[in-house]
Amino acid sequence: MDPQQLRTFVAVVDHRSFSAAARALGYTQSAVSQHIASLETDLETALVTRRPVAPTAAGTRLLEHARSLLLRLDAARVDIARLRQLRPGRLAVACTPGALTPAAADAVVRIRTAAPQLTASVRVCGRDEALREVLTGAADLALVDGAAAPSDPLPLPDAGPLTAFAVAQEPLAVLLPTAHPLAGRSALRLGDLADARWIDAPDAAVPLGHLRAAARTDGFGHQLRYSGGDISGLGTLVAAGGGLTVLPLPVAADLRGIVAVPISAPRIVHRVEVLHPRSITGPAAELADMLRLSP
């Protein structure tokens, strides 16, 4: 499959319009139509309906592959470019809301203080976006968090030639409103809460998919979806009865109006990992070394 045609296909699906995709890509509408037609001929099936513009069943299936394929192509280009394009004056860090630990913040500040000319930035974003930032060269290093068994790595998608290592592990807790019937428990079994009402906050809290996998059960349905990384706002929703969520115990302890009850089973922890390219250099390499050596 032609990567250019795949990019056009993704743009058409995202914009739900051939003309809008053409404007976004800088093509003519005729060129966009030709790309889609060529891709459909190659795969011998219709991928997009025209009125309205929407993916067919085959198009939906292709979209599941297309985004990751295009990301890997972009990552390969950037990875090769890193071998000849050093950025000694920049330190760009992407991190998920729960991954900016005190040790990580201290390390970034120490590196910036020691090099006054250094351009340093920290961007808080979702897990997929933090991964994409590193793969595409927008960030030099990423800090991501999630739930995993004590000896297991985070369940991240295949991201190509990246180095990953853990820098922190903490207990996890279920957040409950103070008036919740289970708020007085000393610990909770995650599987017992599969039928409870949850808040889907994939960037700010442990994703519900991780909880299903850890508990090895279905359920964990949500009544609210929370977008963004403001953990205090998420705590406010829990306190108001919007649903349950899971956060690191030390973080949850700082929130008001909720009770944080540790998870007793299964054995899962909040894990923070560093992700960086294999060819890391300069301030990013220094930061990685500092975090690897931190207690």
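## A helix contact

At what angle do helix α2 and helix α3 pack? Helix α2 (residues 18–25) and helix α3 (residues 29–43) meet at about 105°, and their axes are 8 Å apart. Axes here are lines fitted to C-alpha atoms, for helices over the stretch in contact, and angles run from 0 to 180 degrees between N-to-C directions. The two helices are therefore roughly perpendicular (65 to 115 degrees) to each other. Phe18, Ser19, Ala21 and Ala22 of α2 form the contact with Gln29, Val32, Ser33 and Ile36 of α3, where contact means heavy atoms within 4.5 Å. By class, this contact of α2 with α3 comprises 5 nonpolar, 3 polar and no charged residues.

## Basis of the description

The model is predicted: local features need pLDDT of at least 70, side-chain atom pairs count only at pLDDT 80 or more, and totals for chains, interfaces and linings use all residues. Residues are numbered from 1 along each chain as its sequence is written, and side-chain values use heavy atoms, with hydrogens and water left out.

## Strand β12

Strand β5 (residues 141–148) runs antiparallel to β12 and is joined to it by 7 bridges; strands pair if DSSP finds at least two bridges between them. Asp145 has Val272 of β12 as its bridge partner. Strand β6 (residues 162–177) also pairs with β12 in the antiparallel sense, over 9 bridges, and Pro171 stands opposite Val269.

## Strand β3

In strand β3 (residues 90–95), 6 of the 6 residues are buried, so β3 is largely enclosed by the rest of the structure. Arg90, Ala92 and Ala94 lie on one side, with Leu91, Val93 and Cys95 on the other. Strand β4 (residues 119–124) pairs with β3 in the parallel sense over 6 bridges, and Cys95 stands opposite Val124 in β4.

## The aromatic pair

The whole structure contains 1 aromatic pair (ring centres within 6.5 Å). The rings of Trp198 and Phe220 have centres 5.3 Å apart and planes at 55°, so the pair is tilted, that is, neither under 30 degrees (stacked) nor over 60 (edge-to-face). Trp198 belongs to strand β8 (residues 198–200) and Phe220 to the loop between α7 (208–215) and β9 (222–225), so the pair ties together parts 22 residues apart in sequence. Trp198 is buried at 0% relative accessibility, and Phe220 is buried with a relative accessible area of 0%.

Technical notes: Helix = DSSP H or I, 4+ residues; strand = E, 2+ residues; numbered from the N terminus. Parallel < 35°, antiparallel > 145°, perpendicular 65-115°, else oblique. Nonpolar A, V, L, I, M, F, W, Y, C, P; charged D, E, K, R; others polar. Phe/Tyr/Trp six-rings, centres within 6.5 Å; stacked < 30°, edge-to-face > 60°. Buried < 20%, exposed > 50% of the residue type's maximum accessible area, 1.4 Å probe, protein only.
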